[in-house]
Amino acid sequence: MKKWLCLLFFIIVACAPLSLQQKEKMWGTHAPVIKRAFASSVVKPGRLWRVYLDVEDIDGDLDAVYVFIEQPGVGLYPPSYIKLPKKYGHALKGYFSLPIADKWTWGIKMNIEIFCKDKAGHKSKTIYFSLKVVYKKPKPLAVPAQLNHFLGTINIDVRAPLFDKGGYLGGFDWIWGN
């Protein structure tokens with residue numbers, strides 16, 4: 001019995017989260033800074049939307065990028081958490097892409113929020129974008145060469161609320177009887 005109690009105590013102590021002060025001792029006190037961020041406000045169905053980021057962390061402990069998408073008719077999607085490799089600890093320069101489905105997505109509007117966190121738990125300022133899916137070709141962006149580097153994919157499955165399961169019409173199941 002004593003062995004089990006000792007083991008339980010050890011597990012509780014070992015799994016206890018670190019306080020902010022302890023994390024700051026290990027990783028530093030500075031929050032990541034988003035120096036530049038830009039993206040197109042429109043995208044064609046079936047294409048990739050790109051968001052370009054230039055992020056710096058003085059402490060070198062940049063850890064992850066978080067992306068939230070809110071869409072009228074759907075609500076807030078589950079967030080996309082993009083874990084960064086150690087080589088991006090001090091600086092992150094490049095773009096993330098969001099795939100847009102090619103069917104039934106025209107006319108969709110989305111509000112997108114992006115921020116970065118470091119290992120100590122410090123959060124950068126949140127940046128906001130509005131995006132609309134249209135059939136016209138978007139104007140090309142002037143992208144600096146150092147930001148034209150693929151960093152990863154935003155893993156959110158953007159869908160059309162009108163024809164999606166659980167959407168306004170509940171999908172087309174009511175037509176085919178599935």
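How does Lys35 count in terms of relative accessibility, as buried, partly exposed or exposed? At 45% relative accessibility, Lys35 counts as partly exposed, where buried means under 20% relative accessible area, exposed over 50% and partly exposed in between, with a 1.4 Å probe and protein chains only.

## Model and conventions

This is a predicted model, in which local features need pLDDT of at least 70 and side-chain atom pairs count only at pLDDT 80 or more, while totals for chains, interfaces and linings use all residues. Residues are numbered from 1 along each chain as its sequence is written, and side-chain values use heavy atoms, with hydrogens and water left out.

## Overall architecture

The chain holds 3 helices and 10 strands, with helices (H or I, at least four residues) and strands (E, at least two) taken as DSSP runs and numbered from the N terminus. Read from the N terminus on, the order of elements is α-α-β-β-β-β-β-β-β-β-β-β-α. Of the 178 residues of the chain, 35% count as buried.

## Salt bridges

Side chains of opposite charge can pair when their charged atoms come close. A salt bridge is a side-chain nitrogen of Lys or Arg within 4 Å of a carboxyl oxygen of Asp or Glu, and by this rule the count comes to 3. One of them joins the side chains of Lys35 and Glu56 at 3.6 Å, N to O; because Lys35 lies in strand 1 and Glu56 in strand 3, this pair ties together parts that are 21 residues apart in sequence. Glu56, at 38% relative accessibility, counts as partly exposed.

Another salt bridge brings together the side chains of Arg36 and Asp54 (3.4 Å, N to O), and this pair links distant parts of the chain, with Arg36 in strand 1 and Asp54 in strand 3, 18 residues apart. Arg36 is partly exposed at 31% relative accessibility, whereas Asp54 is buried, with a relative accessible area of 4%. The side chains of Asp63 and Lys83 also meet in a salt bridge (2.3 Å, N to O), a link between distant parts of the chain in which Asp63 belongs to strand 4 (residues 62–71) and Lys83 to strand 6 (residues 80–83), 20 residues apart. Asp63 counts as buried at 13% relative accessibility, while Lys83 is partly exposed, with a relative accessible area of 48%.

## Largest pocket

The largest pocket has a volume of about 380 Å³, a volume being the space filled by probe spheres set on grid points that are joined across faces, edges and corners. On a 1 Å grid over the protein atoms alone, probed at 1.4 Å, a pocket is an open set of points with protein on both sides within 12 Å along at least five of seven lines, and lining residues have an atom within 4 Å of a point.

Its lining consists of 15 residues, among which Ser40, Leu48, Arg50, Pro138 and Lys139 lie nearest the centre of the pocket. The elements that give two or more residues to this lining are strand 2 (42–43) and strand 3 (48–56), and the largest share, 4 residues, comes from strand 3. Arg50 is 11 residues from Ala39 in sequence and 6.1 Å from Ala39 in space, C-alpha to C-alpha; Ala39 lies in strand 1 (residues 33–39) and is buried, with a relative accessible area of 18%.

## Surface patch

Trp104, Trp106 and Tyr135 form a nonpolar patch on the surface, with about 410 Å² of accessible area together. Such patches are made of residues with over 30% relative accessible area and no salt bridge, with nonpolar side chains (Val, Leu, Ile, Met, Phe, Trp, Tyr) joined within 5 Å and like charges within 9 Å; accessible areas come from the Shrake-Rupley method with a 1.4 Å probe, and for residues only the protein chains shown count as cover. Trp106 is placed in the loop between strand 7 (91–99) and strand 8 (109–118) and is exposed, with a relative accessible area of 51%.
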